Amino acid sequence: MRFLRWVFSTFLIVFVSPVLAQTAYNAPVNLAPNSQWEVMSGWGFSTQENHQGTGTVAPISALANSTGSIGRSTFAVTTTNALSVGDLVQASGSGIDSCFAVGPMRIVALVVNTSITVRTPYGCTPSVNRSTTLLPVTAGNLSITSTGSGPDGWLKTPTMPMWRNENRGLYAANMPTDVGAYAALGMTKDSALTEHFYIYVPTQNLAKFQGKTVVFGVYGNQKVRGGSGTWTIFTNDSVNGVRTPCANASAATGYQWQECSFTVPAATTYFYIGVQLNGAASDTYYFANPVLAIGSFIGGVKYYQKPQGEILIPQVHISPFGWINAGITFPASAASFCGSQVTCFEHDLYAETGGIIAPTVAKCHGQMEGINSGSVVTSSAYVRVMAWFDRGAAPEKSGSFLPHYVSNVKSFAYMDFPLNQTDATPDLLGTGIYASNVTSDRWANVSEEIDWCVLN
């Protein structure tokens with residue numbers, strides 16, 4: 001399937017709007033990539049860390065699940081713990097319906113200590129009622145700690161566990177209150193040695209910084225402190241080696257803004273910038289809103305310009321869980337979320353990538369393929385296709401169509417995925433629908449790949 005596939009060793013291309021936000025001074029433009037931690041393609045999903053940052057959360061036992069609802073199922077529970085609408089859960093258990101086993105599912109409704117309703121993959125309708133274990137999950141590498149990949153464009157000490165902490169429920173305790181960050185990034189030292197979280201400027205972008213005064217700032221919260229450890233900003237280049245131009249963060253609790261300016265040597269052949277963690281093993285930190293800018297002053301966490309329409313090309317190719325050689329059957333009737341479509345199912349890139357693509361991502365582009373063995377139907381409108389819309393109801397935006405040109409022959413399409421960014425409810429952001437004019441239509445060997453995403 002890998003036609004038109006791009007292989008990139010760099011982490012992004014940034015486009016900045018010519019219309020710049022104005023503050024009391026010329027606010028610097030943030031050149032740090034993916035600074036809201038919106039794409040994390042080097043990782044899978046992992047068990048959610050508790051909001052204190054001291055260990056993973058416990059699974060939740062579900063007594064039963066509802067059946068017969070298109071694209072939804074409700075689990076009866078006696079506790080919901082720290083879960084909120086928008087969180088991801090992975091279901092497991094003996095004999096559960098197969099549609100629960102595709103991948104993580106997003107919570108779309110919750111009654112505290114009573115029930116949890118999830119969006120099921122492919123719009124499947126569960127037909128089996130079983131007791132189930134629901135495990136809260138997040139994008140992270142708590143169980144995949146051999147990689148040095150951070151959120152796309154970022155690197156870390158390879159073995160250090162890291163996860164995305166989203167601003168919901170009890171986890172909002174780990175988010176600063178005075179910035180619009182989508183998420184904080186949590187990390188726990190696994191060694192008493194210094195460990196690092198940083199960005200590397202690719203060689204082709206190095207000239208932008210050589211010989212310039214630059215400033216780096218980040219909002220940090222040391223949640224768990226096992227002694228006198230702390231954190232500080234560091235930089236590394238081929239002329240000076242590792243430097244720590246800022247003082248260490250203080251021992252105060254809660255978030256602190258740190259920023260430092262320094263000159264990048266004109267002759268340097270590489271440039272790293274980020275955070276150095278000085279502390280005991282098990283010290284836990286949360287960081288939000290990193291800013292890298294040309295100049296000597298940011299002025300605080302609020303005073304910078306976010307990139308507009310930032311394009312991010314994942315370092316590792318993204319395919320949603322369960323979307324490689326999948327069998328897709330459209331529902332026999334339309335659910336309420338189909339709007340004017342004859343039939344449809346919701347596709348939740350956030351849930352079905354295990355949180356790798358955050359719900360704040362505005363659009364994704366990629367490739368799709370599939371085989372339809374039904375008769376070819378031609379008309380003035382689309383009929384036997386798999387058509388993408390960002391929502392079922394007006395004002396809907398259409399993306400690309402996977403057409404059925406020849407029966408039993410694989411069709412290919414370039415996919416444009418505009419995502420629903422018009423509704424503030426956390427269960428709708430980052431979703432869309434696949435629609436068809438043929439009920440119960442079946443597509444086989446369906447694969448979907450994401451090549452690049454539009455942030456902001």
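Let's start with the open sheet: five strands in the order β8-β11-β16-β13-β14, paired in the antiparallel sense. Strands here are DSSP E runs of at least two residues, helices are H or I runs of at least four, and both are numbered from the N terminus. Two strands pair if DSSP finds at least two bridges between them. At the edges stand β8 (155–156) and β14 (241–243), each with a single partner strand, so one side of each has no neighbour in the sheet. β8 and β11 are joined by two antiparallel bridges, and Leu 155 has Tyr 198 in β11 as its bridge partner.

A word on what we are looking at, before going on. This is a predicted model, where local features need pLDDT of at least 70 and side-chain atom pairs count only at pLDDT 80 or more, while totals for chains, interfaces and linings use all residues. Residues are numbered from 1 along each chain as its sequence is written, and side-chain values use heavy atoms, with hydrogens and water left out.

β2 (residues 60–65) and β3 (residues 72–77) pair in the antiparallel sense over three bridges, with Asn 65 bridged to Phe 75 in β3. Their hairpin has six residues between the strands, and there Gly 68 takes a positive phi near 85 degrees. β3 also pairs with β6 (residues 115–119), antiparallel again, over five bridges. On that side Phe 75 stands opposite Ile 116. So, what holds such strands together in general? Strands of a sheet pair through backbone hydrogen bonds, either parallel or antiparallel.

Now to the packing. By a nonpolar core I mean a set of buried Ala, Val, Leu, Ile, Met, Phe, Trp, Tyr and Cys residues joined through side-chain atoms within 4.5 Å. Buried is under 20% relative accessible area, exposed is over 50%, and partly exposed is in between, with a 1.4 Å probe and protein chains only. The largest core has 39 residues, and those touching the most other members are Met 187, Trp 231, Phe 271, Ile 273, Leu 277, Phe 287 and Leu 292. Which strand gives the most to this core? That is β16 (residues 271–278), with four residues. A second, separate core holds 28 residues, including Ile 328, Phe 330, Phe 345 and Cys 364.

Contact means heavy atoms within 4.5 Å. Leaving out residues up to four places away in sequence, Met 187 touches, among others, Met 160, Trp 163, Phe 197, Leu 277 and Phe 287.

For contrast, look at Ala 192, in the loop between β10 (183–188) and β11 (195–200). Is Ala 192 buried or exposed? Ala 192 counts as exposed because its relative accessibility is 64%. Beyond four places in sequence, Ala 192 touches Gly 279 and Ala 281.

Gln 90 sits in strand β4 (residues 88–92) and counts as buried because its relative accessibility is 16%. Among the residues Gln 90 touches, again not counting those up to four places away in sequence, are Phe 45, Phe 100, Leu 134 and Val 137. Ala 387, in strand β22 (residues 385–389), is at 0% relative accessibility and therefore counts as buried. Ala 387 and Asn 437 are 50 residues apart in sequence and 9.4 Å apart in space, C-alpha to C-alpha.

A cavity, on a 1 Å grid over the protein atoms alone, is a set of points where a 1.4 Å probe fits but cannot get out, and lining residues have an atom within 4 Å of a point. Grid points are joined across faces, edges and corners, and a volume is the space filled by probe spheres set on the points. How many cavities of 30 Å³ or more does a search of the whole structure find? The search finds two.

Technical notes: 1 Å grid on protein atoms, 1.4 Å probe; cavity = no way out; pocket = protein on both sides within 12 Å on 5 of 7 lines; lining within 4 Å.
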